Amino acid sequence: MGSYWSTVKAYRCEDFTGYMIEISNRYPRVAEYLENEVGFEKWSRCHYPGLRYNITTTNMFESLNNMLANARDFPYVTLLNIIQEKMSKWWNDRRIVAMAITTPLTPSQESELRPRFAQSNGRHTSQLNPITYHVKGSELEGVVDIFNKTCTCKEFDIDKLPCVHAVAAAHHAHVSVYSLVSLYYTKEYYLLAYGETIYPVGSQSQWDVPNEVVARIVLPREVKEKKRRRPKTSRFPSVGEFRKRKHHCGKCGAYGYYKKKCNSQTGSTEGNPPTNMPV
């Protein structure tokens with residue numbers, strides 16, 4: 001798993017290729033599946049075609065599904081009210097946090113950027129042209145463009161947060177490091193994201209529904225009659241997703257381990273009779 005996560009989080013394609021070779025040597029079928037069936041752009045940070053900043057997951061809908069697991073059986077109006085109450089609470093809590101911030105950036109980005117100030121000390125920086133700087137002093141050198149906000153290490157390009165090379169270049173150019181940070185990481189944008197208030201809809205008796213909407217007749221869609229069975233509560237796995245199966249012991253019938261690791265002294269009585277009894 002260590003090699004896999006290193007491959008996922010690699011910023012440079014050169015590093016990604018090295019990790020993939022390691023995975024291919026140890027697990028050739030896994031490497032073939034990740035490359036041919038899933039595709040690098042769906043799980044690799046350096047191959048993603050868009051801007052994902054420091055987010056390494058696209059499965060945030062699962063959090064909402066878990067939140068609404070019990071509420072999905074309620075009527076639509078009740079379900080919408082539950083969603084509104086939860087969203088209103090989230091927005092208000094985050095607004096309070098944003099108003100209490102005393103730093104230029106959000107707390108998580110500030111804690112990630114601060115150590116890079118100390119790490120940039122002692123690095124040799126030379127100016128190549130008015131906007132480009134060459135930073136040495138580590139295993140991985142970096143060429144920083146402070147105007148286009150890029151670096152050859154690719155961390156600055158993808159995360160939109162100055163890497164160690166960019167911090168060193170900013171100090172050499174007498175430029176504020178915070179001016180190189182994406183605006184989406186600032187306190188002001190954090191406040192704007194949660195600046196609006198989500199109000200409750202109110203009871204149906206208070207709704208102001210136009211007459212043309214009241215007069216509209218909406219027929220239910222045609223549904224093919226299905227066999228009656230217990231309704232499914234869990235979702236279907238998406239493409240490339242596997243459900244974790246529970247281990248089943250063939251000796252005692254318990255879950256969580258296989259027969260070889262069973263500590264039970266008595267096996268199942270189904271099938272053949274026990275060997276310590278006469279046939």
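## Close-up views of a predicted model

**View 1. Surroundings of Thr 7.** Beyond residues up to four places away in sequence, Thr 7 touches Phe 16, Tyr 19, Met 20, Ile 23, Trp 43 and Ser 44, a contact being heavy atoms within 4.5 Å. The model is predicted: local features need pLDDT of at least 70 and side-chain atom pairs count only at pLDDT 80 or more, while totals for chains, interfaces and linings use all residues. Residues are numbered from 1 along each chain as its sequence is written, and side-chain values use heavy atoms, with hydrogens and water left out. Thr 7 is found in helix α1 (residues 2-9); helices (H or I, at least four residues) and strands (E, at least two) are DSSP runs numbered from the N terminus. With a relative accessibility of 0%, Thr 7 counts as buried. Buried stands for under 20% relative accessible area, exposed for over 50%, and partly exposed for values in between (1.4 Å probe, protein chains only).

View 2. Helix α3 spans residues 28-38, and its residues Ala 31, Tyr 33 and Leu 34 are buried. Looking down the axis of α3, the buried residues fall within an arc of 160 degrees, so they line one face of the helix; the arc is that of the directions from the helix axis to the C-beta atoms. Arg 29, Glu 32, Asn 36 and Glu 37 are exposed on the other side of α3. An α-helix has 3.6 residues a turn, so residues three or four places apart point the same way. After α3 comes Gly 39, with a positive phi near 95 degrees.

**View 3. The largest nonpolar core and a separate one.** Of the 23 residues in the largest nonpolar core, Leu 113, Val 144 and Ile 146 touch the most other members. A nonpolar core is a set of buried Ala, Val, Leu, Ile, Met, Phe, Trp, Tyr and Cys residues joined through side-chain atoms within 4.5 Å. Two or more residues of this core come from each of α6 (107-119), β2 (132-135) and α8 (164-172), and α8 gives the most, with five residues. Another core, of 11 residues, lies apart from it and includes Val 8, Ala 10, Ala 31 and Leu 34. Leaving aside neighbours within four places in sequence, the contacts of Val 144 are Ile 131, Thr 132, Tyr 133, Val 135, Thr 150, Cys 151, His 165, Ala 166 and Ala 169.

**View 4. Aromatic pairs.** The count of aromatic pairs comes to eight. Rings of Phe, Tyr and Trp (its six-membered ring) pair if their centres lie within 6.5 Å; planes under 30 degrees apart count as stacked, over 60 as edge-to-face and the rest as tilted. The rings of Trp 91 and Tyr 194 have centres 5.1 Å apart and planes at 75 degrees, so this pair is edge-to-face. Trp 91 belongs to helix α5 (residues 76-99) and Tyr 194 to the loop between α9 and α10, so the pair ties together parts that are 103 residues apart in sequence. Trp 91 is partly exposed, with a relative accessible area of 22%, whereas Tyr 194 is buried at 17%. For Tyr 184 and Tyr 189, the ring centres are 5.5 Å apart and the planes stand at 85 degrees, so this pair is also edge-to-face. Tyr 184 is exposed at 57% relative accessibility, and Tyr 189 is partly exposed at 33%. Ring pairs also link Tyr 4, Trp 5, Phe 16, Phe 40 and Trp 43 into a cluster.

View 5. With a disulfide taken as a pair of cysteine sulfur atoms within 2.5 Å, the count comes to zero. Cys 46 is in no disulfide, and the nearest cysteine sulfur, that of Cys 13, is 4.0 Å away. Cys 46 is buried at 16% relative accessibility. The sulfur of Cys 262 lies 3.7 Å from the closest cysteine sulfur, in Cys 252, too far for a bond. Cys 262 is buried, with a relative accessible area of 11%.

**View 6. Confidence along the chain.** The protein chain has a mean pLDDT of 84, with 85% of its residues at 70 or more; pLDDT is the predictor's confidence in each residue, from 0 to 100. Among the elements of the chain, helix α4 (residues 61-67) has the lowest mean pLDDT (78) and β2 the highest (96). Residues 267-279 have pLDDT below 50, and this stretch has two contacts in the model beyond near neighbours in sequence. Where pLDDT is low, the predicted coordinates should not be read in detail.
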